[in-house]
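The following paragraphs accompany the sequence and coordinates shown below.

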Amino acid sequence: MLFTLAEEPNYARQAQQIDDIQRLDEALSGLHWALANNPEAFDIVIPSEPPIYLAKTDRRTWSGGVIPRLRIWFRIEYRSRKVILMAIQPESIEDIT
């Protein structure tokens with residue numbers, strides 16, 4: 001059974017700030033599919049209750065530019081079958097060099 005993705009206000013605000021990344025929707029669609037199908041496949045980065053997970057995309061270069069690596073922090077609500085998207089961050093210049 002699939003999980004439903006839900007965005008916290010912080011995630012929505014951060015996603016709007018990086019909306020100018022070309023092909024962002026394409027990068028996120030694959031990650032969102034993976035989160036909806038098997039969120040437990042990602043690493044726990046904060047072993048709290050509930051644990052906080054981290055999902056990452058790979059950096060992609062294409063003829064029109066670069067899609068930076070993206071990181072999404074999330075938690076799982078099993079009772080409601082939801083993945084709560086908490087924060088999203090693109091890689092920084094320091095991460096690339």
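Strands β6 (residues 70-77) and β7 (residues 82-90) run antiparallel and are joined by eight bridges. Within this pairing, Ile76 is the residue that stands opposite Val83 of β7. The model is a predicted one. Its chain has an average pLDDT of 88, and 91% of the residues score at least 70.

The β6-β7 pair belongs to an open sheet of five strands, ordered β1-β7-β6-β3-β2 and mixed in its pairing. At the edges stand β1 and β2 (43-46), each of which pairs on one side only. On average, neighbouring strands of this sheet are turned by 40° against each other, direction ignored. Helix α1 (residues 9-17) packs on the sheet, where it touches β1, β6 and β7. The direction of helix α1 makes about 35° with that of β7. Helix α2 (residues 24-37) lies across β1, β3, β6 and β7, and runs at about 30° to β6.

Thr57 is found in the loop that links β3 (52-56) to β4 (60-62). Is Thr57 buried or exposed? Its relative accessible area is 10%, and Thr57 is therefore classed as buried, since the cut-off for that class is under 20%. When neighbours within four places in sequence are left aside, the contacts of Thr57 are Ala27, Leu31, Pro68, Arg69 and Leu70. With Leu70 there is also a polar approach: a polar atom of the Thr57 side chain lies 2.8 Å from the backbone nitrogen of Leu70.

The second residue, Glu77, lies in strand β6. Glu77 has a relative accessible area of 30% and is therefore partly exposed, a class that lies between 20% and 50%. Which residues does Glu77 contact, leaving aside its neighbours within four places in sequence? They are Lys82 and Ile84. The side chain of Glu77 is also joined to that of Ser80 by a polar contact of 3.3 Å. As for Asn10, 67 residues from Glu77 along the chain, the C-alpha atoms of the two residues are separated by 18 Å.

Methods:
Residues are numbered from 1 along each chain as its sequence is written. This is a predicted model: local features need pLDDT of at least 70, side-chain atom pairs count only at pLDDT 80 or more; totals for chains, interfaces and linings use all residues. Side-chain values use heavy atoms; hydrogens and water are left out. Helices (H or I, at least four residues) and strands (E, at least two) are DSSP runs, numbered from the N terminus. Buried means under 20% relative accessible area, exposed over 50%, partly exposed in between (1.4 Å probe, protein chains only). A polar contact is a pair of N or O atoms within 3.5 Å; within protein, one must be able to donate a hydrogen and the other to accept it, and residues adjacent in sequence count only if both atoms are side-chain atoms. Contact means heavy atoms within 4.5 Å. pLDDT is the predictor's confidence in each residue, from 0 to 100. Two strands pair if DSSP finds at least two bridges between them. Axes are lines fitted to C-alpha atoms, for helices over the stretch in contact, and angles run from 0 to 180 degrees between N-to-C directions.
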